[in-house]
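Please read these notes with the model open beside them.

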Amino acid sequence: RERPLQFEERIIMIEAVGVDSHIATVAVCGVDATGREIAAREFANDPAGHAAFAGWIAEFATQGCRIGVEGALGFAFALVEHLLAEGLEVVEDLRT
């Protein structure tokens with residue numbers, strides 16, 4: 001099982017997560033308070049993958065972690081609904 005990074009016996013927790021959604025998968029990247037990437041994973045874009053992603057957030061993210069989702073109204077719609085139902089903060093990451 002993955003663990004947060006440790007530096008000098010200090011656990012680094014995820015402060016924000018970016019999500020890139022695809023038909024079959026969602027790729028996620030967690031960053032710390034300075035914006036440094038500390039974790040990256042890929043989950044299935046189905047109910048089991050959505051539950052696994054929410055569990056990953058619960059284990060490794062700080063309280064109030066913001067989740068930015070690209071394509072929240074597209075391939076990630078069901079994921080966003082799941083995360084909102086879990087009480088997580090989700091924002092649309094608008095493509096530029």
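**Notes on the model**

1. D32 touches I12, M13, E15 and I38, leaving out residues up to four places away in sequence; contact means heavy atoms within 4.5 Å. D32 sits in the loop between β4 and β5. Helices (H or I, at least four residues) and strands (E, at least two) are DSSP runs, numbered from the N terminus. The D32 side chain makes a polar contact with the side chain of T34, at 2.7 Å. A polar contact is a pair of N or O atoms within 3.5 Å; within protein, one must be able to donate a hydrogen and the other to accept it, and residues adjacent in sequence count only if both atoms are side-chain atoms.

2. Basis of the values. This is a predicted model: local features need pLDDT of at least 70, side-chain atom pairs count only at pLDDT 80 or more, and totals for chains, interfaces and linings use all residues. Residues are numbered from 1 along each chain as its sequence is written, and side-chain values use heavy atoms, with hydrogens and water left out.

3. Is D32 buried or exposed? D32 counts as buried, because its relative accessibility is 6%. Buried means under 20% relative accessible area, exposed over 50%, partly exposed in between (1.4 Å probe, protein chains only).

4. N45 lies in the loop between β5 (37–44) and α1. At 15% relative accessibility, N45 is buried too. Its side chain makes a polar contact with the side chain of H50 (2.8 Å). Beyond neighbours within four places in sequence, the contacts of N45 include H22, I23, T25 and F75.

5. Helix α2 (residues 77–85) has L79, V80 and L83 buried. They span an arc of only 100° around the axis, so they lie on the same side of α2. The arc is that of the directions from the helix axis to the C-beta atoms. The buried residues of α2 pack against β3 (14–21), β4 (25–31), α1 (47–60), β6 (61–70) and β7 (89–92). After α2 comes G87, with a positive phi near 85°.

6. Which residues do ring pairs link into a cluster? They are F43, F53, W56 and F60. The count is four aromatic pairs, where rings of Phe, Tyr and Trp (its six-membered ring) pair if their centres lie within 6.5 Å.

7. Cysteines. The structure has zero disulfides, a disulfide being a pair of cysteine sulfur atoms within 2.5 Å. C65 is buried at 4% relative accessibility. C29 is partly exposed at 24%.

Note on methods: Rings of Phe, Tyr and Trp (its six-membered ring) pair if their centres lie within 6.5 Å; planes under 30 degrees apart count as stacked, over 60 as edge-to-face and the rest as tilted.
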